[in-house]
Amino acid sequence: MKVMLIFTPQWTPAMPHLALPTLTAFLRGHGVEVIQRDLNLETYDAILTRAYLQQSMDRLRARYPRGPRRGGVPERVQWAWAEGPRLAAQVEGAKATFRSPAFYDGERSLAAFLVIAQALELASLPFHPAQLELTSFEAGLPVDSSRHLLAAAADGTRNLFVELFRRGILTDIARERPDIVGISIPTRGQMLAAVTLAHLIKEAKLPCHVTAGGPHVTMLREQLPRTPALFDLFDSAVIFAGEEPLLRLAETLDARGDLGSVPNLVWRDVDRVRVNDSSGHVGPSGGGRPRGNEGSRGDEKPPGDEIAGLPSGAPSMGLDRGAKTGRVAAGVQPAPLGNSDISWF
Ligand code: B12
């Protein structure tokens with residue numbers, strides 16, 4: 001079984017979220033092949049390039065063909081015409097500053113930050129009123145409405161993720177051919193990207209089981225059975241802690257077994273959405289220590305120290321995740337990220 005775990009935008013790109021490394025460690029500990037992709041970071045990385053910003057300006061020129069000085073061109077678009085070439089020229093240098101020790105030099109860091117913030121504003125303009133910033137994302141539509149989400153998932157004119165995912169992650173999924181694609185959705189702000197990705201996978205008819213999980217999915221557990229249309233895109237969703245359910249899902253799909261036996265799973269069984277029992281399966285049962293790291297208690301070497309490209313001296317953060325379940329998960333530490341595909345912004 002091969003599982004590809006994907007963390008969708010938007011989340012602050014300054015710190016990788018722990019859901020993927022945690023699930024990866026557990027699955028690998030049980031012999032499952034896992035690829036983890038921080039699609040959030042990758043999205044920022046792809047947008048903050050000269051080529052993408054030039055494409056943003058081309059989009060604006062196509063939308064306003066009569067040029068910046070003619071009437072009817074919004075003020076922010078006129079700003080984009082004036083500042084776009086400079087931002088395109090500076091954006092990759094600014095990103096490099098953020099990824100180097102120069103990040104700690106206040107003056108250089110501030111200048112880089114302003115370029116990045118304005119570059120994101122320029123990149124968002126063709127998709128107005130959507131707005132991607134470093135610490136937030138406004139989708140420009142009600143992301144609590146499945147009807148709006150499903151309509152926007154296919155609409156490349158107002159959804160900036162469509163084109164990016166189609167030429168990026170979708171190609172990689174087609175090449176890697178995972179049996180399961182697991183999409184992590186901790187917050188509401190990630191819903192549009194998650195639904196878009198699931199839509200593109202189904203549109204391309206890629207032969208994988210698409211599941212989703214994370215705190216936001218858990219929060220939607222009462223709504224999910226009432227939105228069967230979402231299950232045209234997602235084959236299932238996992239609520240609460242994901243380790244055991246994801247492993248059991250992989251084993252069950254491998255054995256062509258009954259999905260009704262997978263704990264915490266919400267799934268469509270022919271014409272109705274079923275919610276499996278989640279009462280006894282809120283935490284992992286162990287076995288998640290990453291290979292090569294046996295014996296570590298987890299507090300000896302913070303995983304942040306192993307992240308590729310981390311500026312020296314950056315603090316690492318320890319968390320427990322018992323808050324929403326009332327139980328603290330023990331015995332699992334996130335997969336080390338040093339050689340993984342998740343890197344630092
Ligand atoms: C630490 C934390 C932060 C840190 C993150 C640091 C970092 N990069 O890691 C900081 C302070 C940056 C942060 C910011 C925000 N946070 Co916060 N954060 C948390 C917190 C306390 C823990 C997250 C964590 O690391 N969990 C550990 C991982 C391992 O657990 P997990 O994500 O739940 O994953 C497990 C399961 O959910 C499941 N799972 C997860 N993904 C998947 C995928 C699949 C396929 C499957 C099967 C299972 C699965 O399996 C995992 C293992 O059991 C949670 C609350 C909580 N206790 O969960 C809130 C929480 C995620 N944050 C929340 C919010 C709202 C925010 C902000 C939007 C706040 C704000 N208004 O600014 C911002 C986001 C800003 C942004 N957009 O960039 C909300 C999200 C609610 C929602 N539905 O939208 C939460 C749930 C808190 C709450 N109860 O309200 N946050």
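A crossing is left-handed if the near helix is turned anticlockwise from the far one by less than a right angle, and right-handed if clockwise. Keep in mind that this is a predicted model.

**Exercise 1.** Describe how helices α3 and α4 pack against each other.

*Solution.* Step one: find helix α3 at residues 50–63 and helix α4 at residues 75–98. Step two: their axes lie 8 Å apart, at an angle of about 165°. Angles over 145 degrees count as roughly antiparallel, so α3 is roughly antiparallel to α4. Step three: the α3 and α4 crossing is left-handed. Step four: look at the residues that meet, including L53, M57 and L60 in α3 and V77, A80 and L87 in α4. Sorted by class, this contact has 9 nonpolar, 2 polar and 2 charged residues.

**Exercise 2.** In what order do the strands of the open sheet run, and which strands are at its edges?

*Solution.* Step one: trace the 7 strands in the order β2-β1-β5-β6-β7-β8-β9, with mixed pairing. Step two: β2 (33–37) and β9 (272–275) are the edge strands, as each pairs on one side only. Step three: zoom in on β1 (residues 2–7), which is parallel to β2 and joined to it by 5 bridges. There, L5 stands opposite Q36 in β2.

**Exercise 3.** Which residues come nearest to the ligand?

*Solution.* Step one: of the 34 residues around the ligand, the nearest are M15, G182, S184, G213 and G242. Step two: the shell divides into 15 nonpolar, 15 polar and 4 charged residues. Step three: among the elements that each supply at least two shell residues are β5 (180–184) and α11 (243–254).

Note on methods:
Residues are numbered from 1 along each chain as its sequence is written. This is a predicted model: local features need pLDDT of at least 70, side-chain atom pairs count only at pLDDT 80 or more; totals for chains, interfaces and linings use all residues. Axes are lines fitted to C-alpha atoms, for helices over the stretch in contact, and angles run from 0 to 180 degrees between N-to-C directions. Helices (H or I, at least four residues) and strands (E, at least two) are DSSP runs, numbered from the N terminus. Angles under 35 degrees count as roughly parallel, over 145 as roughly antiparallel, 65 to 115 as roughly perpendicular and the rest as oblique. Two residues are in contact if their C-beta atoms, placed from the backbone, lie within 7 Å. Ala, Val, Leu, Ile, Met, Phe, Trp, Tyr, Cys and Pro count as nonpolar, Asp, Glu, Lys and Arg as charged, and the others, Gly among them, as polar. A residue is near a molecule or strand if its C-beta atom, placed from the backbone, lies within 6 Å of it. Two strands pair if DSSP finds at least two bridges between them.
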